[in-house]
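This briefing is intended for a reader meeting the structure below for the first time. Please look over the sequence and the model before turning to the points that follow.

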Amino acid sequence: EMPQPAQAPTRLEHQVQEAMFQMVQATQVKQAQIVAAALRMVVVQAENCAPIVRAFQQGKEFAELFPG
């Protein structure tokens with residue numbers, strides 16, 4: 001048996017699909033905003049205490065524990 005061609009969605013079905021699409025888009029935008037906000041970090045460290053910088057400069061994966 002041959003498959004029947006898909007019928008065009010009714011106006012209500014189209015409106016529901018459009019509303020759902022807009023909700024998904026809004027959710028994705030909100031998620032992107034949350035990620036962007038989380039990525040804005042500020043790091044503060046005391047003078048002469050730079051284990052992260054030292055590890056980065058030495059190509060290490062982890063920083064050494066700074067005494068004190």
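The points below go from the whole chain to single residues.

The structure is a predicted model. Its protein chain has 2 helices and 0 strands. With a radius of gyration of 26 Å, well over the 11 Å that the globule rule gives for 68 residues, the chain is more spread out than a compact globule.

**Overall form and surface**

- Along its principal axes, the C-alpha trace of the protein chain spans about 75 × 30 × 15 Å.
- Of the 68 residues in the protein chain, 4% are buried.

- Helix 1 covers residues 11-39, and M20 is found in it.
- M20 also takes part in a nonpolar surface patch, which it makes together with L12 and V16.
- The area of this patch is about 300 Å².

**The loop between the helices**

- V43 lies in the loop between helix 1 and helix 2, the latter comprising residues 51-57.
- V43 has a relative accessible area of 70%; it therefore counts as exposed, the cut-off being over 50%.
- V43 and Q28 are 15 residues apart along the chain, and their C-alpha atoms are separated by 28 Å.

**The segment after helix 2**

- F66 is placed in the segment that follows helix 2.
- The relative accessible area of F66 is 36%, so this residue is partly exposed; that class lies between the limits of 20% and 50%.
- Between F66 and I52 there are 14 residues of separation in sequence, and the C-alpha to C-alpha distance is 9.7 Å.

**The salt bridge**

- How many salt bridges does a search of the whole structure find? The search finds 1.
- A salt bridge joins the side chains of K60 and E64, with an N to O distance of 2.7 Å.
- K60 is partly exposed, because its relative accessibility is 38%.
- E64, at 55% relative accessibility, counts as exposed.

Methods. Residues numbered from 1 in each chain as written. Predicted model: local features only at pLDDT ≥ 70, side-chain atom pairs only at ≥ 80, totals over all residues. Heavy atoms only, no water. Patch = residues over 30% accessible without salt bridge, like charges linked within 9 Å, V, L, I, M, F, W, Y side chains within 5 Å. Areas by Shrake-Rupley, 256 points an atom, 1.4 Å probe, with all protein chains shown as cover. Salt bridge = Lys/Arg side-chain N within 4 Å of Asp/Glu carboxyl O. Helix = DSSP H or I, 4+ residues; strand = E, 2+ residues; numbered from the N terminus. Buried < 20%, exposed > 50% of the residue type's maximum accessible area, 1.4 Å probe, protein only. Rg over C-alpha atoms; globule rule 2.2 N^0.38 Å.
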